[in-house]
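Please look at the sequence and the model shown below before reading further. The paragraphs that follow go from charged pairs to one helix, then to the nonpolar cores, and end with the confidence of the prediction.

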Amino acid sequence: MDSLITAAARALAQGDLIGVLNRVALREDPPALALRGIAMAQLGELERAKSLLKTAARGFGQKERVARARCVVAEAEIALVSRDLGWPEAALEAAWGTLAAHGDTVNAAHARHLAARRLLLVGRLEEAEQMLWAHEPSRLPPALRAAYELTTAGLAIRRIKTGQARAAFARAQEAAREADHPALTAEVQHASRVLHTPAARLIASGETHFVLLEEVEMLLASGDLVIDACRHVVRRTGTVISLATRPILFALARLLGEGWPDDVPREALLLGAFRAKETDDSHRARLRVEMGRLRSELRELAEVRATKRGFLLVPREARRLVVLAPPADEPNAATLALLHDGEAWSSSALSIALGASPRTVQRSLEQLAAAGKAQSFGRGPARRWVAPQGPGFPTTLLLPGPLPGRLG
């Protein structure tokens with residue numbers, strides 16, 4: 001490898017993108033094209049970067065398998081950043097195998113880390129954790145170690161383990177400082193803000209206030225009966241009853257929770273759960289049926305009692321009942337949660353991450369756009385969606401992946 005390529009590679013490792021381009025901008029050999037592609041990607045020119053990396057990969061001979069594998073890893077990283085979740089996982093796995101077999105442990109670790117980040121993004125937390133456990137972070141270079149710790153923090157946040165997340169952010173900050181990489185340092189600082197911004201609303205005894213993620217963690221371990229409107233579950237410590245596929249039952253449970261410790265009138269329940277502005281005997285009969293179903297579902301955690309004017313939810317062992325709601329009630333909250341990560345998403349990638357049909361996601365995006373909460377650019381397959389910049393709220397509790405606890 002000649003001196004200019006070596007110097008450009010060192011500049012890239014230090015985050016000096018202009019230094020990289022100054023050294024290789026006029027060269028057309030495969031190593032120079034690969035370095036230019038990575039630099040252009042970090043400058044946000046993703047389409048140009050992909051083109052350069054593909055050309056570089058083709059330029060490397062069949063015997064230069066390691067160089068070609070490094071180009072594949074770089075392409076995978078661009079796909080992850082551009083939220084191209086349909087990018088072939090098998091190609092990244094093959095590249096990782098090639099790099100590991102030829103002793104390039106750093107880039108092999110980076111490939112596995114990218115795979116872990118993708119799994120985290122789509123809510124496959126256990127698989128992502130297994131990927132991270134495959135290598136020892138202390139042996140990684142500082143920049144990659146910082147990225148590793150950011151992913152570790154992301155896992156801890158999804159599982160509502162704020163102590164572990166705070167420790168991982170501290171290690172990431174230290175590694176970024178050691179790498180002397182300003183952009184990476186800024187990324188760590190931005191990511192860690194999620195611990196210091198309201199994550200949900202707590203509704204208890206008729207009062208509502210915002211809570212941090214750490215307070216959510218304490219609440220879930222407190223023994224209180226929690227009606228979780230972020231994941232549509234009812235829970236007390238380790239017992240979790242999912243009503244995600246029973247929207248009417250969950251709507252009734254939430255209304256009863258918001259009214260606790262008082263009972264809730266039948267008219268309010270019919271209006272809130274069934275949208276029935278005028279009621280008759282058929283509505284009241286349906287309410288009794290649904291309340292019977294809710295009583296059966298929640299029998300382990302609470303009792304549903306009929307009163308003269310309505311219904312009352314009585315916790316069996318918990319000292320109080322609370323409702324945990326998103327910072328703002330939004331019918332397309334899950335889609336908005338992903339858009340708020342700051343990256344540009346395609347509708348197909350959102351469909352993969354949310355596990356929803358493409359038509360459902362498209363309808364959600366159109367509604368968000370009409371409300372001014374999402375905007376798009378590009379056309380056809382190149383169309384991407386983002387959330388407008390401005391004050392928002394963290395959406396950790398709305399992202400794919402289960403909260404801690406078992407499903408009852």
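A search of the whole structure finds 22 salt bridges, a salt bridge being a side-chain nitrogen of Lys or Arg within 4 Å of a carboxyl oxygen of Asp or Glu. This is a predicted model, in which local features need pLDDT of at least 70 and side-chain atom pairs count only at pLDDT 80 or more, while totals for chains, interfaces and linings use all residues. Residues are numbered from 1 along each chain as its sequence is written, and side-chain values use heavy atoms, with hydrogens and water left out.

Helices (H or I, at least four residues) and strands (E, at least two) are DSSP runs, numbered from the N terminus. An α-helix has 3.6 residues a turn, so residues three or four places apart point the same way. Lysine 50 is partly exposed, with a relative accessible area of 23%, whereas glutamate 47 is exposed at 57%; here buried means under 20% relative accessible area, exposed over 50%, and partly exposed in between (1.4 Å probe, protein chains only).

Aspartate 281 is exposed, with a relative accessible area of 59%, and arginine 284 is partly exposed, at 31%. Salt bridges that share partners also join Asp2, Arg27 and Asp29 into one network.

Which parts of the chain does the pair of aspartate 224 and arginine 319 link? The closest N and O atoms of this salt bridge are 3.7 Å apart, and the pair links distant parts of the chain, 95 residues apart, with aspartate 224 in the loop between helix H12 (213–220) and S3 and arginine 319 in the loop between S8 and S9. Aspartate 224 counts as buried, at 1% relative accessibility, while arginine 319 is exposed, at 65%.

Turn next to helix H9 (residues 142–158), whose 17 residues reach 24 Å from the first C-alpha to the last, close to the 24 Å expected at 1.5 Å a residue (the expected span is 1.5 Å times one less than the number of residues). Since 14 of its 17 residues are buried, H9 is largely enclosed by the rest of the structure. Just after H9, isoleucine 160 takes a positive phi of about 55 degrees.

The largest nonpolar core has 32 residues, and those with the most contacts inside it include Ile227, Leu256 and Met291; such a core is a set of buried Ala, Val, Leu, Ile, Met, Phe, Trp, Tyr and Cys residues joined through side-chain atoms within 4.5 Å. Among the elements that give two or more residues to this core are strand S3 (225–228), helix H13 (247–259) and helix H15 (281–297), and H13 gives the most, with five residues. Leaving aside its neighbours within four places in sequence, methionine 291 is in contact (heavy atoms within 4.5 Å) with Leu252, Leu256, Leu269, Val304 and Phe311.

Finally, the protein averages a pLDDT of 86, and 95% of the residues score at least 70, pLDDT being the predictor's confidence in each residue, from 0 to 100. Confidence is lowest in strand S12 (residues 406–407), at a mean of 42, and highest in S3, at 95. Where pLDDT is low, the predicted coordinates should not be read in detail.
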